[in-house]
Amino acid sequence: MSKNYMTLAVLSTTLSVGVNAADLPADLQWIDNMNEPLFASEEAQFGGTLRSYMSSFPQTLRSVGPDSNSGLRHYFMDGTPKLAARHPNTNKWIPQLAEAWAYGDDNQTVYFKLNPKAKWSDGEMVTADDYLFMLTYNRSKDIIAPWYNDFFTNKIADVVKIDDYTIAIKSASKMSQDELMIQINLPSNGVQPRPEHFFADSKNDNNGDGIDDNFVRKFNFKAEPTTWAYYMSDVKKGKSVTFKHVGQDWWGYENRYYKNRYNVEKVRLTVIRDADIARKRFEKGDLDAFGLILPSLWHEKADGKPYQNGYIQKFWGYNQTVQGAGGLWMNTSMPMLDDRNVRAGIMYASDYDGMIKNVLRGDYLRLPHGLGAGHGDYDRPDNQAPAFDPDKAIAYFEAAGFDTIGTDGIRVNAQGQRLSFDITYGFPPHTPRIAYLKEQAKQAGLEFNLNLVDGSSAFKFVLEKKHQLAFLHMGGGEIPAYWEYLHSDNAKPQTNNHTFYQNPDMDKLINQYVVEFDVAKKQALSHQIQQKVSEEFLIVPGYMVPYTREAHWRWLRIPENGMTKQTQAMFSVTDIANFWIDDELKEQTKQAMKKGESFEPVIVVDDSYKLQ
């Protein structure tokens with residue numbers, strides 16, 4: 001087939017509803033943006049095993065369905081190729097699985113020319129049929145994923161096969177060109193192909209939707225093929241997983257933006273449930289890198305002999321990533337938390353600013369709103385997190401009927417209910433933070449109880465809406481997502497409506513927001529939604545961390561100016577992944593350690609993209 005990027009000459013004989021052959025533009029202007037700056041290094045070397053860890057073994061290897069939001073989804077979905085992606089510095093769209101794209105004049109359709117060399121990790125070619133199957137897959141009730149069912153029914157109206165390597169994707173709503181690309185290429189749920197050949201065995205498809213009725217159980221621990229540079233090659237259940245590189249002939253390396261990235265040959269993730277034990281194993285050389293986001297780690301613990309002798313180096317790089325929704329999520333389906341006055345009291349009794357100053361050394365910044373930040377004009381310019389104010393909290397608590405103070409200092413109402421709530425969280429290092437909130441809340445007669453739930457089980461606990469308060473931060477996209485967090489239709493188990501909030505007025509605003517084409521009007525609706533969330537006191541705004549901080553053995557190398565605006569983790573293959581292992585430096589370091597020799601300590605601080 002001719003690769004003429006100015007016209008589409010070859011059409012399939014059958015098109016699904018939404019785009020017809022007669023409607024297909026003959027003069028599409030194809031875009032590829034192949035001249036943006038590179039962000040990897042020609043010095044990069046291929047090979048070696050990146051040894052890392054995870055705090056718990058995942059409850060599933062699926063990327064959708066029950067329990068899939070935690071665990072390894074970044075390796076199966078979020079970090080894998082989309083049709084296109086943002087350049088991490090210039091913000092322009094650059095190719096991934098698509099070679100080029102063009103916009104229809106209906107403000108709903110985007111056409112994509114697929115890379116004809118793209119392959120699944122099992123050697124099968126990626127074709128338009130995998131995108132058609134994606135629609136079948138994500139709309140199926142058998143995957144038990146309401147959010148995906150909704151998104152691929154009510155947001156993505158259609159996927160059309162034009163030929164084996166050309167598709168058209170139609171949005172259910174009119175959007176600007178940039179918004180269309182954002183919706184189609186969302187990291188956590190974008191339009192990604194699904195390997196039809198892998199799921200072809202649907203013997204138990206009694207409802208005729210193309211997906212096995214027993215999908216969740218059948219594919220719970222079956223890792224599907226990937227279009228990415230890595231695939232899961234080994235699973236030791238409960239102990240470790242290993243991802244292996246497809247090889248230096250990976251189809252992606254013909255794309256200039258993929259060159260000199262994904263340089264390690266293997267990634268081994270070992271289960272180490274205690275972060276302090278993981279750090280000690282790292283400092284012994286069992287792991288190659290270790291995150292130092294926690295202030296206590298960076299300022300205090302990462303300062304022993306391996307650092308002083310220059311064997312381990314420290315890196316602090318600032319970024320400008322979007323900050324997702326986060327803080328204390330209040331489950332309005334729980335007793336007392338269905339009272340707005342109680343929620344308001346909790347809001348003013350939660351001393352996040354004091355926690356940041358006294359526990360986190362002032363390294364973090366306060367989120368201005370519980371629904372996140374960094375969305376540009378979609379955020380209200382006057383968003384500001386409520387300051388800690390025990391007196392104001394007390395006034396709200398008394399208005400809710402909690403006007404008596406018990407012998408233990410905790411307020412009670414006439415029915416004898418104590419003003420006491422559990423805060424569910426899943427990361428032990430967060431204990432001092434929540435303990436600080438607990439002590440400060442006592443000033444308002446409020447009791448916080450610490451409910452530490454292990455690893456991925458904590459998120460499962462929250463998804464099932466068993467929590468009262470959840471100490472939780474979510475990822476975020478460029479355009480705020482509200483339906484999943486706030487719409488009544490999503491107030492059910494196994495969804496991201498962590499507050500179980502249901503309000504017809506909010507539903508109306510969100511429905512209008514979803515379909516609004518005019519950007520200014522859409523942003524105005526966003527402001528109204530954010531204001532209503534503030535007025536309803538649903539999420540105590542948390543904090544944001546606009547940087548990555550990591551320690552790494554000196555054989556892990558990064559390019560000069562290797563930090564980008566969007567780098568969230570320097571030494572992760574699911575991120576920008578422009579680092580590599582230098583075998584010569586590794587051997588040199590090991591020999592120096594045996595001889596008792598040392599190198600100059602190295603601490604790199606890259607503030608090129610620090611928020612001013």
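## Ground rules

Helices (H or I, at least four residues) and strands (E, at least two) are DSSP runs, numbered from the N terminus. This is a predicted model, where local features need pLDDT of at least 70 and side-chain atom pairs count only at pLDDT 80 or more, while totals for chains, interfaces and linings use all residues. Residues are numbered from 1 along each chain as its sequence is written, and side-chain values use heavy atoms, with hydrogens and water left out.

## An open pocket

Start with the second largest pocket, which holds about 240 Å³ of space. A pocket here is an open set of points on a 1 Å grid over the protein atoms alone, with protein on both sides within 12 Å along at least five of seven lines; lining residues have an atom within 4 Å of a point. Points are joined across faces, edges and corners, and a volume is the space filled by probe spheres set on them.

This pocket has 19 lining residues, and Pro368, His369, Gln384, Pro386 and Ser534 sit nearest its centre. Helix H16 (519-536) is one of the elements supplying at least two lining residues, along with helix H9 (340-349) and strand E20 (539-541). By type, the lining splits into ten nonpolar, six polar and three charged residues (nonpolar: Ala, Val, Leu, Ile, Met, Phe, Trp, Tyr, Cys and Pro; charged: Asp, Glu, Lys and Arg; polar: the others, Gly among them).

Cavities are sets of points where a 1.4 Å probe fits but cannot get out.

## Strand E13

E20 turns up again as a partner of E13: the two pair antiparallel over three bridges (pairing takes at least two DSSP bridges). Within that pairing, glycine 327 has proline 541 of E20 as its bridge partner.

E13 (residues 326-330) also runs antiparallel to strand E19 (residues 469-473), with five bridges; glycine 326 stands opposite histidine 473 there. Five of E13's five residues are buried, meaning under 20% relative accessible area with a 1.4 Å probe, protein chains only.

## Strand E22

In a regular strand, side chains alternate between the two faces of the sheet. Both faces of E22 are covered: Tyr547, Arg549, Ala551 and Trp553 are buried on one side, and Thr548, Glu550 and His552 on the other.

E22 (residues 547-553) has seven antiparallel bridges to strand E12 (residues 312-318), where tyrosine 318 partners tyrosine 547. Strand E11 (residues 289-291) pairs antiparallel with E22 over three bridges, and glycine 291 faces glutamate 550.

How values were computed: Buried < 20%, exposed > 50% of the residue type's maximum accessible area, 1.4 Å probe, protein only.
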